[in-house]
Amino acid sequence: VKNMSVVLPLINDLHSDTMRDRHWSKLMDVTQKNFNKGPEFCFKDLLDLELHKFADDVSEIVDQSAKEAKIEKKLAIIRSHWKDQKIAFDRSREGCPLLAELGELVEVLEAHALEMMGMTAQG
C-alpha cells in the first residue's frame, strides 16, 4: 500500500502528453527494464517497473519532458514566423537593389534570439 501511494502519482505523471519515445527510453535506462510501450502496454507493466524505487528519477524525466515540450512549442512559433517572413528590397537604384527598412524585422529577430538563448539556458 505504501508503494502504491508513491507509484500512482508517478503513473499519473507518466500519462502526460509531453512524454516522447526518448523519455520512455530514459525510463527504461533508469529502471533497467525493457518494455514495449505499444497498445499492449498496461497498468501491470508499469507496476512491474517498480517505480517507487526510482520516484525522483521518474519525476525528473517527466519534468524534463514538460520543459522540452514548452521549448518545442516556442520553436514552432518562431519557425512559423520566419518561414513566411518577407524581406523587401528598394529597387530605386538601377542594378543595385538595397534592403528596405529593417527596423521591425531586426526587433523581432533580437526578441527571438533572446528567447532562444533563454531556452538554451533552460536545457
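Trainee: Where is Q32 found?

Mentor: Quick note to start: this is a predicted model, where local features need pLDDT of at least 70 and side-chain atom pairs count only at pLDDT 80 or more, while totals for chains, interfaces and linings use all residues. Residues are numbered from 1 along each chain as its sequence is written, and side-chain values use heavy atoms, with hydrogens and water left out. Helices are DSSP runs of H or I with at least four residues, strands are E runs of at least two, and both are numbered from the N terminus. With that in hand, Q32 sits in the loop between α2 and α3 (43-48).

Trainee: Is Q32 buried or exposed?

Mentor: Buried means under 20% relative accessible area, exposed over 50%, and partly exposed in between, using a 1.4 Å probe and protein chains only. Q32 has a relative accessible area of 72%, so Q32 is exposed.

Trainee: What is phi of Q32 near?

Mentor: Most residues other than glycine have a negative phi. Q32 isn't a glycine, yet its phi is positive, near 60 degrees.

Trainee: And E50, what is its phi near?

Mentor: E50 belongs to the loop between α3 and α4. At 28% relative accessibility, E50 counts as partly exposed. Its phi is positive too, in a residue other than glycine, and lies near 55 degrees.

Trainee: Which residues is T31 in contact with, leaving aside its neighbours within four places in sequence?

Mentor: T31 is part of helix α2 (residues 21-31), and its 4% relative accessibility makes it buried. Contact means heavy atoms within 4.5 Å. By that cut-off, T31 is in contact with L49, L51 and F54.

Trainee: What is the radius of gyration of the whole protein?

Mentor: The protein has 5 helices and 2 strands. The radius of gyration is taken over C-alpha atoms, and the globule rule is 2.2 Å times the number of residues to the power 0.38. That rule gives 14 Å for 123 residues, and the protein is well over it, so it is more spread out than a compact globule, with a radius of gyration of 23 Å.
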